[in-house]
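Hello,

Here is the structure for you to look at. Please open it first, then read my notes below.

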Amino acid sequence: MGTAPLIFISYATVDLGLTAVIKNFLRDAGLSTEDCFVSSLDGAIQYGGNDLEEMYQAMESSKIFIEVITPTFLTRPRCLQEVGFMTARKRLADRDELPSQRWIKILPMVVPPLTHEDISETLDRAQAPTLESPEAIHAFTDELFRCLLRDDRRLSPGQWHTADR
């Protein structure tokens, strides 16, 4: 892993195509490749390296944690471990017990055909939008944009909204 990523995307490997679309959106919106950690893309994990250790290092440095919640995601122990790890880090950051980070934002994406009700037994995500309409997708990207501004990222709203559409 090179530089510390700002965004960590948690996903099931079979959903890599969707995850690549998200990462491409972020790139088109003005973020660099290094800003976003996707374990199966761009050599994020060093060949022959300890993939689990590298993933935890990326999560420890990330401020934004995007969960791509699909039916497969809910069945993968590693995905659920990542969710637990970042949820615990967020709680520490919220209580100012994480000196290296003042804030962490968890952004769940419930991908149809799943609904909020489908994930409620596995994940406690009261504010997990189902991305079933353009309005829901835009609400998600608007929240992500606010998080990036909070990190003092210099993004062009025009470039962001062009990528968003």
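What share of the 165 residues in the protein is buried? Buried residues make up 44%. Keep in mind that this is a predicted model.

Start with the overall layout. The protein has six helices and four strands. From the N terminus, the order is β-α-β-α-β-α-β-α-α-α. Take the contacts between residues at least 6 apart in sequence: 64% of them join residues at least 24 apart. The accessible surface is about 8,600 Å². Carbon and sulfur atoms account for 50% of that surface.

Next, a helix pair. Two packed helices are described by the angle between their axes and the distance between the axes. For α2 (residues 51-61) and α3, the angle is about 35° and the axes are 11 Å apart. The crossing is right-handed. On the α2 side, the contact is made by Asp-51, Leu-52, Met-55, Tyr-56, Met-59 and Glu-60. On the α3 side, Arg-78, Gln-81, Glu-82, Phe-85, Met-86 and Arg-89 take part. By class, this contact has six nonpolar, one polar and five charged residues.

Now two backbone details. Most residues other than glycine have a negative phi, and most peptide bonds are trans. Asp-96 has a positive phi, near 60°. Asp-96 sits in the loop between α3 (77-94) and β4. Is Asp-96 buried or exposed? Asp-96 counts as exposed because its relative accessibility is 54%, and the cut-off for exposed is over 50%.

The other detail is a cis peptide bond between Pro-112 and Pro-113, with omega about 20°. Pro-113 is in the loop between β4 (105-110) and α4 (116-119).

Best wishes

How values were computed. Residues numbered from 1 in each chain as written. Predicted model: local features only at pLDDT ≥ 70, side-chain atom pairs only at ≥ 80, totals over all residues. Heavy atoms only, no water. Helix = DSSP H or I, 4+ residues; strand = E, 2+ residues; numbered from the N terminus. Buried < 20%, exposed > 50% of the residue type's maximum accessible area, 1.4 Å probe, protein only. Axes fitted to C-alpha atoms, helices over the stretch in contact; angles between N-to-C directions. Left-handed = near helix turned anticlockwise from the far one by under 90°. Contact = heavy atoms within 4.5 Å. Nonpolar A, V, L, I, M, F, W, Y, C, P; charged D, E, K, R; others polar. Areas by Shrake-Rupley, 256 points an atom, 1.4 Å probe, with all protein chains shown as cover.
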